[in-house]
Amino acid sequence: MSLLKNLRLQFSGDLHEIYLVNFSVDAAELRDLLPAPIRPRLQGGRAMISMVDVRLLNMRANSRLIPFKFHYQHIGFRVLVEDAQWNADRAHHGIYFLRSFTNNPTMTFAGNLIANYHLENANLLNFPSGLKLIQDDQFLQYHLTGPVFEPDAKSLQLKETIGAIDRAWAVEGHELQKTQIVREKWPLQAMTCTRFNTNFFETARLEGAFRVTETIHYTWLPAETVAQLQVAPVAFQPTMAYV
């Protein structure tokens, strides 16, 4: 663990131009990618990845060690995980950052020192309500139109699931850690995705897309140790489907 991660800093800032493109993958594609005891939420043998595309502005730490503000575009592959057993209300609220991307090399280096985003450099080609992410021979692209004024039942259920996310899980050493996200609102609006293609995952299937209609001020609370792990983390192995 880096020194800055050991400090367990709190960060706050503003989220602009937020898009959430949600797709599922076969559970086997995540084998060996999630550290135990973190497990993906499965439905019909598939795991949900809620990709966030967001511009973070005026990000700052509550520490004199980092006296400056920073800004960057963040693309995150966030796997929805089973975390009811660690939450007071016994409901699922969490994600695990499988991979994240930015086109700011300085932010990639700094971000990996202070958080568990698993940041990587990539080329980001932006266009209105859309993006093409390119890293070597891998890519992901999407394009949205809308909004959808009368979402169907599937979209409403997905909105409820995605809207409940407010914490990120990570394993550092022999500790299971939770980072709580604090925000006053999260106004999700369903969009129509007219294009979605990726080769980051062989079994990716689009499930639905949303945009957040306002600028959101949010805070990442300091990472909290939830459990001490008795053995070295072992990667997730898919078993029974979660419904």
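Residues are numbered from 1 along each chain as its sequence is written, and side-chain values use heavy atoms, leaving out hydrogens and water. Because the model is predicted, local features need pLDDT of at least 70 and side-chain atom pairs count only at pLDDT 80 or more, while totals for chains, interfaces and linings use all residues.

**Confidence**
- The protein has a mean pLDDT (the predictor's confidence in each residue, from 0 to 100) of 91, and 92% of its residues reach 70 or more.
- Residues 239-243 have a pLDDT below 50, and this stretch has 12 contacts in the model beyond near neighbours in sequence; a contact means heavy atoms within 4.5 Å.
- Where pLDDT is low, the predicted coordinates should not be read in detail.

**Nonpolar cores**
- A nonpolar core is a set of buried Ala, Val, Leu, Ile, Met, Phe, Trp, Tyr and Cys residues joined through side-chain atoms within 4.5 Å.
- Buried means under 20% relative accessible area, exposed over 50%, and partly exposed in between, with a 1.4 Å probe and protein chains only.
- The largest nonpolar core has 36 residues, of which Phe77, Tyr142 and Phe201 touch the most other members.
- Strands (DSSP runs of E, at least two residues, numbered from the N terminus) that give two or more residues to this core include β1 (11-26), β3 (46-61) and β4 (70-80).
- The most, 4 residues, comes from β1.
- Leaving aside neighbours within four places in sequence, Phe201 is in contact with Phe23, Val25, Glu29, Leu30, Ile49, Phe77 and Leu98.
- Another core, of 35 residues, lies apart from the largest one and has Leu20, Phe97, Ala115 and Ile162 among its members.

- Thr179 lies in strand β11 and counts as buried because its relative accessibility is 16%.
- Not counting residues up to four places away in sequence, Thr179 touches Asp166, Arg167, Ala168, Trp220, Leu221 and Ala223.
- Ile165 lies in the loop between α3 (153-163) and β10, and at 4% relative accessibility Ile165 counts as buried.
- Ile165 and His92 are 73 residues apart in sequence, yet their C-alpha atoms are 7.9 Å apart in space.
- Beyond residues up to four places away in sequence, Ile165 touches Arg78, Leu80, His93, Ile95 and Arg183.
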